[in-house]
Amino acid sequence: MRVTMNSRQGHASALCAAVCLFFWGCGAARAEDANSWHDIETKYIFGFTIGSGIGLEGEKEFTVDTIGRFGKRGGHYAATETKYEFEFTPSQFIQIEFGALGSTHNIGGVTDLDDRNQAALAGGFAELRYLALERT
């Protein structure tokens, strides 16, 4: 005996399997004590936006964030931009950040670009964040 399955039957089977796995994996919801949850730091939660949290009082943090660009068409190209950031929270309502920006270039034999091999200070920055309304 030969059994064949067309694409519609295959898609329907896959959909049924996915729905069964979804409902099997969902457990019953239950209430938990609110004090057992820790405060989530929202500053870096989305990656491209800044969240509303400012951190805990007395917290200090140093962060290095680097973006690199590399290519190899008609020569060699490598460039990086690095952000060196120090932040601290002197009170529960204010956070202060400051730092420096650095860049490196290693370019050789690329059409329309000058050959360059350097590391340089690209600038500095400062940021003051405050918490106007506390979340509950």
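Predicted model: local features only at pLDDT ≥ 70, side-chain atom pairs only at ≥ 80, totals over all residues.
Me: How do you know that the chain follows the pattern α-β-β-β-β?
Reply: Helices (H or I, at least four residues) and strands (E, at least two) are DSSP runs, numbered from the N terminus. The protein chain has 1 helix and 4 strands, and reading along the sequence gives α-β-β-β-β.

Me: Why are β3 and β4 called paired?
Reply: Two strands pair if DSSP finds at least two bridges between them. Strand β3 (residues 94-108) and β4 are joined by 14 bridges, so they pass, and they run antiparallel. L101 sits opposite G123 in β4.

Me: What makes β1 and β4 edge strands?
Reply: The open sheet has the order β1-β2-β3-β4, with antiparallel pairing. Both β1 (60-71) and β4 (116-130) pair on one side only.

Me: Why is the contact between R69 and E81 called a salt bridge?
Reply: The term asks for a side-chain nitrogen of Lys or Arg within 4 Å of a carboxyl oxygen of Asp or Glu. R69 and E81 meet at 2.4 Å, N to O, so they qualify. R69 lies in strand β1 and E81 in strand β2 (residues 76-91), so the pair ties together parts that are 12 residues apart in sequence.

Me: How do you know that K83 and E85 form a salt bridge too?
Reply: Their side chains come to 3.5 Å, N to O, so that pair also meets the cut-off. The whole structure holds 2 salt bridges.

Me: Why is E85 called buried?
Reply: Buried means under 20% relative accessible area, exposed over 50%, and partly exposed in between (1.4 Å probe, protein chains only). E85 has 5%, so it is buried. K83 has 30%, so it is partly exposed.

Me: What makes L128 exposed?
Reply: Its relative accessible area is 58%, so L128 counts as exposed. L128 lies in strand β4.

Me: Which label do R69 and E81 get?
Reply: R69 is at 40%, so it is partly exposed. E81, at 41%, is partly exposed as well.

Terms used. Residues numbered from 1 in each chain as written. Heavy atoms only, no water.
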